[in-house]
Amino acid sequence: IKKKQQDVLGFLEANKIGFEEKDIAANEENRKWMRENVPENSRPATGYPLPPQIFNESQYRGDYDAFFEARENNAVYAFLGLAAPPGSK
């Protein structure tokens, strides 16, 4: 989990994409919010969704696998629901 979180954070920082990291291990409110806001069809069959889960404000964008796929397809800005900067895809 930690490696996946670091991968997402590193990408966002390298591309100067603003973000707010929410710690669900130390903050019960954040954990509850994440669990309640991951859509039913994106939840595992058993248990709770594991981090990282990616949101744009309160809009769910996907999990690490969806982020990784978007990155591989040069579609991260669309995945995040952001306008791509000039000169990028």
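Reply: Helices (H or I, at least four residues) and strands (E, at least two) are DSSP runs, numbered from the N terminus. This is a predicted model, in which local features need pLDDT of at least 70, side-chain atom pairs count only at pLDDT 80 or more, and totals for chains, interfaces and linings use all residues. Residues are numbered from 1 along each chain as its sequence is written, and side-chain values use heavy atoms, with hydrogens and water left out.

A pocket is an open set of points on a 1 Å grid over the protein atoms alone, where a 1.4 Å probe fits, with protein on both sides within 12 Å along at least five of seven lines; lining residues have an atom within 4 Å of a point. Volume is the space filled by probe spheres set on the points, which are joined across faces, edges and corners.

The largest pocket holds about 840 Å³ of space. Its lining has 27 residues, and Glu-20, Glu-21, Lys-22, Gln-53 and Phe-55 are the closest to the centre. Two or more lining residues come from each of helix H1 (2-14), helix H2 (28-37) and strand S1 (53-56). H1 gives the most, with five residues. By type, the lining has 16 nonpolar, five polar and six charged residues; here Ala, Val, Leu, Ile, Met, Phe, Trp, Tyr, Cys and Pro count as nonpolar, Asp, Glu, Lys and Arg as charged, and the others, Gly among them, as polar.

The second largest pocket has a volume of about 180 Å³. Of its 13 lining residues, Lys-4, Leu-50, Pro-51, Gln-53 and Asp-63 lie nearest its centre.
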